[in-house]
Amino acid sequence: MSAPDVDDGQDRPDTTGELAALRAENAALRAQLHGTGRSRRGWGWAVPSAVLITIGALLAPVAVLSSWAGREVTSTDAFVATYAPLVRDEAVRSFVATKTIAVVDEHVDVRALTGTVFDGIRDLDLPPRAKAALGTLEAPAAAGVENLITSTVHRFVDSPQFATLWERLLRTAHTQVNATLRGDRDADVTIAADGSIGIQLGPVVSAVKQRLLDDGLTLASRIPAVDRTIVIATSDAAVRAQTAYTLVQLTATWLPWAVVAFVAVGVLMARRRARALTAAAVGVAAAMVATILAVAVGRVLAVRALAPDLMPRNAARVVYDSTVAFVLSAAVAGVVLALSVAVVAWFAGSSRSAVRLRGACTRAASALRDAGARRGWTTGGVGVALYRGRVLLRTLVALGAAAIIALHRPLEPSVIVWTLVGALVVVALVEVLGRPVPAVFSPASDDPPPTARP
């Protein structure tokens with residue numbers, strides 16, 4: 001008769017940690033079932049929460065436009081960065097050259113001056129054949145002078161000197177932007193009552209005159225100093241910005257933070273905060289998409305308003321695209337940021353899909369730790385410290401990512417994406433490297449030990 005098997009406990013796996021995890025999970029499920037995991041606020045908080053979140057989402061596009069207006073007014077570098085690249089476009093250079101040639105022709109009648117010169121030569125005692133030859137040379141001479149003026153203007157507009165002059169004019173004009181918005185008619189950049197934005201052509205004509213004189217064309221001395229403004233853009237927003245100058249200065253700073261405050265307070269007042277944050281982020285993303293669509297529609301309307309009466313169609317497109325580049329970039333960045341927040345809020349929520357995904361991530365991290373432990377790879381005391389401080393570490397990572405996104409200017413989609421990817425990588429490393437400590441407890445106890453909570 002064989003002896004009964006004796007269980008000495010040496011071949012049994014230690015299931016203490018597993019039991020603790022199961023007890024913690026059961027406690028969490030019971031808490032959700034009895035409603036203790038939900039906010040105790042009543043439905044009376046839902047309406048003001050929704051109102052605040054809606055206001056924040058609707059103000060988001062206004063905050064972008066206000067920041068753009070404030071940026072263009074207060075930062076010379078930003079103003080130059082917006083309009084200096086215009087000279088790189090051939091359509092804009094051709095437009096400026098055409099206007100400059102027209103101003104020169106308006107003040108200098110080349111054919112009349114050439115005729116006067118030839119008339120003086122005819123008054124000389126010349127042989128009949130020489131006088132006849134002068135008649136045949138008069139028209140080509142006038143055409144040659146006109147071609148010289150045209151080529152000189154185009155060469156100057158295409159030269160680096162013009163780009164330097166253009167940037168200098170922009171920097172000088174920016175110091176007068178405040179005077180422009182106050183309605184000072186002596187400013188180099190002017191805003192007319194119909195919303196047309198113009199720049200003084202006098203410095204360009206003066207530079208062309210000096211170049212013609214340097215080339216030996218003495219009749220260029222007849223070109224007077226001109227006071228002519230060419231329209232480079234037109235927008236009703238310019239007039240509104242002129243009348244709301246003080247308001248723009250104030251709102252450019254605090255309105256973006258007001259949007260954040262409205263959304264944050266609305267989320268904190270909500271019964272289900274994760275769901276409210278997801279809805280708020282989606283609402284802001286929708287508002288930013290509407291801003292992008294408005295910019296696209298505005299492009300069509302602006303080109304129709306500018307071309308062909310004020311400037312060629314290609315030049316109008318370039319001017320508009322340069323003007324709204326910051327608004328478009330900020331709107332795209334807002335969409336990326338809002339959708340990223342929506343995904344994070346959903347992942348942290350209590351929906352079944354989010355809970356399952358979090359559980360899968362936790363099991364994957366646990367599997368990696370177990371695989372490393374079987375090979376003798378362990379983080380030891382450091383892993384224990386990481387596990388115990390995981391909540392604090394996640395909070396610090398979240399605050400760091402938020403600070404990078406909030407302080408980076410200009411805000412770009414790539415910055416947002418890479419910041420979030422980096423934060424997720426750090427959180428994943430903390431989860432994998434953290435080493436839970438198996439707790440010793442009585443199996444009959446219904447309460448799991450604190451260290452076993454996931």
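**Labels and their cut-offs**

Mentor: Val-417, Trp-418, Val-421, Val-425, Leu-429 and Leu-433 make up a nonpolar surface patch with about 560 Å² of accessible area together. This is a predicted model, in which local features need pLDDT of at least 70, side-chain atom pairs count only at pLDDT 80 or more, and totals for chains, interfaces and linings use all residues. Residues are numbered from 1 along each chain as its sequence is written, and side-chain values use heavy atoms, without hydrogens and water.

Trainee: What makes a group of residues a patch?
Mentor: Patch residues have over 30% relative accessible area and no salt bridge, and nonpolar side chains (Val, Leu, Ile, Met, Phe, Trp, Tyr) are joined within 5 Å. The areas come from the Shrake-Rupley method with a 1.4 Å probe.

Trainee: Why does Leu-429 count as partly exposed?
Mentor: Buried means under 20% relative accessible area, exposed over 50%, and partly exposed in between (1.4 Å probe, protein chains only). Leu-429 has 49% relative accessibility, so the label is partly exposed. Leu-429 belongs to helix H18 (residues 413–433), a helix being a DSSP run of H or I of at least four residues.

Trainee: How do you know that Arg-369 has no salt bridge?
Mentor: A salt bridge requires a side-chain nitrogen of Lys or Arg within 4 Å of a carboxyl oxygen of Asp or Glu. For Arg-369, which is buried, the nearest side chain of opposite charge, Glu-431, is 4.6 Å away. Arg-369 sits in helix H15 (residues 352–374). Its contacts (heavy atoms within 4.5 Å) include Glu-431 and Pro-436, not counting residues up to four places away in sequence.

Definitions and conventions: Helix = DSSP H or I, 4+ residues; strand = E, 2+ residues; numbered from the N terminus. Lys, Arg positive; Asp, Glu negative; His and termini not counted. Patch = residues over 30% accessible without salt bridge, like charges linked within 9 Å, V, L, I, M, F, W, Y side chains within 5 Å.
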